[in-house]
Amino acid sequence: MATKSFSWSTWLNQERSIATLLIFRFAFGLIMTISMLRFWLNGWIEKLYIEPDFHFSYLGFEWVKPWGEWTYLLFLICGLSALGLALGLKYRFSATLFFSSFTYIELMDKTTYLNHYYFVSMVAFILIFMPAHKALSMDAGWSANNLKLKLSNAYYLLPFALVSLVYFYAGLAKLNSDWLLRAEPLATWLPGKYDLPLIGSFLEERWVAYFFSWAGAIYDLSVPFMLWFSRSRPFALVLVVVFHLLTRILFPIGMFPFIMVVGAFLFVNAEKQKALLLKVFGRLSADEKSRHAVLRPAPLWRYFFSAFIVFQLLWPWRYWTYPGELFWHEQGFRFSWRVMLMEKAGYVQYSIVDPQSGRRFQVDNRQFLTSFQEKQLSFQPDFILEFAHHLADYYQQKEHIANPEVYAEAYVALNGRASQAFTDPNVNLAAYPRGWRNKPWILDFNDTIYGL
């Protein structure tokens with residue numbers, strides 16, 4: 001008997017209960033509300049955004065700056081809009097405001113970059129266009145009858161694809177010789193967790209680092225496929241919970257594990273999620289078997305959704321346009337779902353030269369940067385170049401040195417290797433504009449890391 005072949009067109013037009021989207025809306029919004037509150041209570045708003053005199057910026061977003069003491073208001077707006085998103089209150093406005101405010105916060109200082117901040121921004125963006133407020137919300141009311149509403153799978157493709165892509169691309173990135181053959185950077189990180197109860201003593205064993213490295217790669221590459229198929233989905237969900245619980249214990253990665261667990265539960269059978277909501281909000285009315293309303297995105301939106309997915313698929317591969325080792329020069333590293341793959345430590349010393357008098361003197365980085373900023377500066381080339389421009393502007397304006405030259409002598413250690421020279425100390429960085437072009441003043445990496 002011939003089996004029916006899979007058709008994307010058929011799948012996209014299939015109907016699915018809105019319950020899945022409602023639960024995700026509430027859980028995601030609540031997690032982000034807590035995250036904003038956590039930033040406030042831990043004093044990170046002051047430490048990361050108000051205290052520094054200088055902020056590292058993203059190309060094209062140099063205009064995005066903290067608001068001084070008003071930065072607290074920005075976080076308040078972000079937190080309240082996340083709560084509005086969770087409750088479905090003025091949903092489109094709340095979702096748009098949350099996306100805008102959170103992304104603004106993310107762009108204020110490149111020092112705080114994390115992959116999961118980018119993931120949150122992308123999820124918030126697609127939620128703007130999802131009808132997640134059509135049932136069990138402040139906008140539509142809390143009647144269980146609204147659960148009759150269904151969505152076509154075309155709506156669900158966006159979150160499904162984004163969650164799957166994060167896992168799969170993270171797995172592809174782990175297919176490199178440092179991760180698989182040297183167990184780095186886990187071999188460097190795990191021994192530092194020796195004081196954890198029960199498992200701490202095992203984390204100092206080298207084989208444990210290898211086990212976690214290989215298990216992590218296999219997990220990331222396989223779990224998105226396991227989530228898509230009903231037979232393997234229960235096991236995949238258990239793996240997701242265990243994996244993210246373990247990473248939450250071992251590494252300080254904030255709310256990301258909770259967000260990914262919630263994202264994985266998007267794949268759970270929609271009717272089961274509907275049954276759960278009915279237990280909370282009551283039964284459907286007697287006409288439950290009547291025709292369900294089905295929401296489908298307009299054809300134009302389908303093209304937009306497709307373009308979004310294609311961009312997410314292609315953007316992480318831009319690093320191929322740069323020569324050299326990605327982990328070393330980091331050109332094209334961000335926004336590519338390369339999660340926890342490097343342990344880098346460095347040191348950079350700047351020298352300022354007055355071209356008229358020939359006078360040369362060194363810079364104390366602590367005069368301009370916080371300790372956290374200085375740590376990030378020490379091994380990231382775009383930070384080194386941006387700060388060089390800042391120093392040139394500072395000494396020209398404040399010290400009245402005409403066209404000061406800025407030189408950087410930097411040394412970096414990557415994934416347990418010995419430190420090596422990182423920048424050409426004879427290159428005037430002030431003469432190199434910021435941009436997307438390759439940075440030839442980065443010295444060659446004296447080793448080879450094989451893989452993607």
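I started at Tyr411 and looked up its bridge partner in β7, which is Ala421. The model is a predicted one.

I then widened the view to the two strands. β6 covers residues 405-414, and its pairing with β7 is antiparallel, over 2 bridges.

Next I checked what packs on the sheet.

I traced the strand order as β5-β4-β6-β7. The sheet is open, has 4 strands and is paired antiparallel. I looked for the edges and found β5 (360-362) and β7 (420-421) there. Each has a single partner strand, so one side of each has no neighbour in the sheet.

I moved to a helix pair. Helix α7 (residues 153-173) packs with helix α10 (residues 206-228) at about 160 degrees, and the axes are 6 Å apart. The cut-off for roughly antiparallel is over 145 degrees, so α7 counts as roughly antiparallel to α10. I recorded the crossing of α7 past α10 as left-handed.

I listed the residues where the two helices meet. On the α7 side they include Leu157, Phe160, Tyr167 and Phe168. On the α10 side they include Tyr219, Leu221, Phe225 and Trp228. Ser164 and Gly171 of α7 also take part, as does Asp220 of α10.

I sorted this contact by class and got 13 nonpolar, 2 polar and 1 charged residues.

How values were computed:
Residues are numbered from 1 along each chain as its sequence is written. This is a predicted model: local features need pLDDT of at least 70, side-chain atom pairs count only at pLDDT 80 or more; totals for chains, interfaces and linings use all residues. Side-chain values use heavy atoms; hydrogens and water are left out. Two strands pair if DSSP finds at least two bridges between them. Axes are lines fitted to C-alpha atoms, for helices over the stretch in contact, and angles run from 0 to 180 degrees between N-to-C directions. Angles under 35 degrees count as roughly parallel, over 145 as roughly antiparallel, 65 to 115 as roughly perpendicular and the rest as oblique. A crossing is left-handed if the near helix is turned anticlockwise from the far one by less than a right angle, and right-handed if clockwise. Contact means heavy atoms within 4.5 Å. Ala, Val, Leu, Ile, Met, Phe, Trp, Tyr, Cys and Pro count as nonpolar, Asp, Glu, Lys and Arg as charged, and the others, Gly among them, as polar.
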